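Here are my notes on this model, for reading beside the coordinates.

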Amino acid sequence: MPLKHDDYSRIRTWGTTDRGDGSRYLMPDEGRLAVQVALATGRPLLLRGSPGCGKSSLAAHIAELRGWRYYEHVVTYRTQATDLLWTFDTVRRLADAQARNGDGPLDDHAYVRPGPLWWAYARDSALWRGRADAERADVEPCPEPMSETNAGRDRDRAVVLIDEIDKADPDVPNGLLVPLGAADFTVAETGSPVQLERPTTAGPTAPRHLVVITTNDERELPQAFLRRCVVVSLPSPDKDRLVEIAREHLKGREAPEGWERLAEAVAAEVGKARAQARRDGVREPSTAEYLDALYACLSLGITVSGDPRWERLRDLVLLKNQQPGEGPTA
């Protein structure tokens, strides 16, 4: 039977599970000590684990918890190491040079866009694209990424997320060894040095930044890179942990009576779906997909037991009719 207009109007939206601000993240026990060690040693934190186990959300959570600035970069197969430091708009510069027809030199700094590590290490330098004569009256500061998120946060400290580094060529992690280890680099096109800026407020020595790197282990990372990281594997949440996560996400909301029993039932179904996915050689449902299934049940009044809609909801949200070969690292 087709849905009527009233059927749609009664649907309550519980909100997206992909908030990205870290405000509703439940820190796994394995991650808590790893963050402390990374801060104590000044090393990048490399998070391993299956897709959807909470790796990417950890960085935003730490930044939100500590009030530090937050920047992120999602790696693709086209990513180069310098993209994390800066990019240079060669095409626009060439067009401007042709338009000027040799009428005076161009300001090469105007074509530089600071990357997330530059913003983390030296925010003031990034604002003026590495110019020695910063805050010139004729120059606009560079727009800061994540500016709304970072409003009011500690200008001396930052968290950087480098997401899915295993998708990049092996030259990328090798190219980041020095910038990650020494927190300085030089912009090739302008010759501008970028170094960790001094804190704006006096106080005891404390960690200045945290670089969080995630991998789905689609490709083995270079040993030299691994030696310079604190490495931790995050497990996929079990049934009890999934219910804890649901409780955190529903905190402060008017959830209907009996939601915990429903959360436990959906978590148990996730366990069955994971076992079926392993048998079929496809990707297992993630934490986000568990929350999607739970939210759909709460919104639409679907129960796991005895409701014919559950089987279809499970296919739509948990199993998704994947093809063989869409395995754990897809």
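1. Strand E1 covers residues 45–48. Leu45 and Leu47 point one way from E1, while Leu46 and Arg48 point the other way. All are buried, meaning under 20% relative accessible area with a 1.4 Å probe, protein chains only. Strands (E, at least two residues) and helices (H or I, at least four) are DSSP runs, numbered from the N terminus.

2. On the basis of the numbers: this is a predicted model, where local features need pLDDT of at least 70, side-chain atom pairs count only at pLDDT 80 or more, and totals for chains, interfaces and linings use all residues. Residues are numbered from 1 along each chain as its sequence is written, and side-chain values use heavy atoms, with hydrogens and water left out.

3. Which strands pair with E1 in the parallel sense? One is strand E8 (residues 209–215), over four bridges. There, leucine 47 stands opposite threonine 214. Another is strand E9 (residues 230–233), again parallel and joined by four bridges. Here arginine 48 stands opposite serine 233. Pairing requires that DSSP finds at least two bridges between two strands.

4. At the E2 end, E2 and E5 pair in parallel over seven bridges. Valine 74 has aspartate 163 in E5 as its bridge partner.

5. A cavity is a set of points on a 1 Å grid over the protein atoms alone where a 1.4 Å probe fits but cannot get out; lining residues have an atom within 4 Å of a point. The largest cavity has a volume of about 80 Å³, a volume being the space filled by probe spheres set on the points.

6. The lining of the largest cavity includes Arg69, Tyr121, Asp156, Glu197 and Thr200. Helix H5 (116–121), helix H6 (123–127) and strand E5 (154–163) each give two or more residues to the lining. By class, the lining has three nonpolar, one polar and eight charged residues. Asp, Glu, Lys and Arg count as charged; Ala, Val, Leu, Ile, Met, Phe, Trp, Tyr, Cys and Pro as nonpolar; the others, Gly among them, as polar.

Definitions and conventions
On a 1 Å grid over the protein atoms alone, a cavity is a set of points where a 1.4 Å probe fits but cannot get out, and a pocket is an open set with protein on both sides within 12 Å along at least five of seven lines; lining residues have an atom within 4 Å of a point. Buried means under 20% relative accessible area, exposed over 50%, partly exposed in between (1.4 Å probe, protein chains only).
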